Each structure stands twice: as structure tokens, then as C-alpha cells.
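Here's a quick tour for anyone meeting this structure for the first time. Have a look at it, then read on.

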Amino acid sequence: MKLASTYSEISEGALLLHQQIVGLAKENPEIQSLYKGCQLLYIPLIQKSNISLIDFNLGGGYFNYQGFIVENLN
């Protein structure tokens, strides 16, 4: 199925991008001080759904609440 393969490619691309950001943060103290973690939340793929939600939350709210970097990539 074409749609499923595209969904898989997007997921893999997000993981690759995350790895690159973490790698840069390890090399750059400024990036490391700004990095607050990453959470990727996947929903089941439904063709022709009535609604789709995509959210980018760039704030450090979860980090500030928990007090530590959270990595949830599944």
C-alpha cells in the first residue's frame, strides 16, 4: 500500500532528524542547554479520515514539569 509506505518513510525521517538533533546537542553546549527532549506520538493511520491532528509543541512545559529530559519515540 502506497500510503502505508509513505507513513513509514515519514516516521523514519522523524527518527533520523531526532538523531541528528541529539548528535548536534552533544557537540554544542548551547544546543544542549536548549534541548528539552522529544516525544513522538503516533496514531493509527486511517485513510480518508474526517479529522487529522498534527501538533508541534516547541515549549519546554513537560521538561519544566518533570524536571528531566524525556525521550519517547514509539
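## What you're looking at

This is a predicted model, where local features need pLDDT of at least 70, side-chain atom pairs count only at pLDDT 80 or more, and totals for chains, interfaces and linings use all residues. Residues are numbered from 1 along each chain as its sequence is written, and side-chain values use heavy atoms, leaving out hydrogens and water.

## Overall build

You'll find 3 helices and 2 strands in the protein, running α-α-β-α-β from the N terminus on. Its radius of gyration (taken over C-alpha atoms) is 15 Å, well over the 11 Å that the globule rule (2.2 Å times the number of residues to the power 0.38) gives for 74 residues, so the protein is more spread out than a compact globule. Helices (H or I, at least four residues) and strands (E, at least two) are DSSP runs, numbered from the N terminus.

The C-alpha atoms fill a box of roughly 45 × 25 × 15 Å along the principal axes. Buried residues (under 20% relative accessible area) make up 11% of the 74.

## A spot on the surface

Leu 58 sits in the loop between strand 1 (37-39) and helix 3 (61-66). With a relative accessible area of 83%, Leu 58 counts as exposed, a label for anything over 50%.

Notes
Buried < 20%, exposed > 50% of the residue type's maximum accessible area, 1.4 Å probe, protein only.
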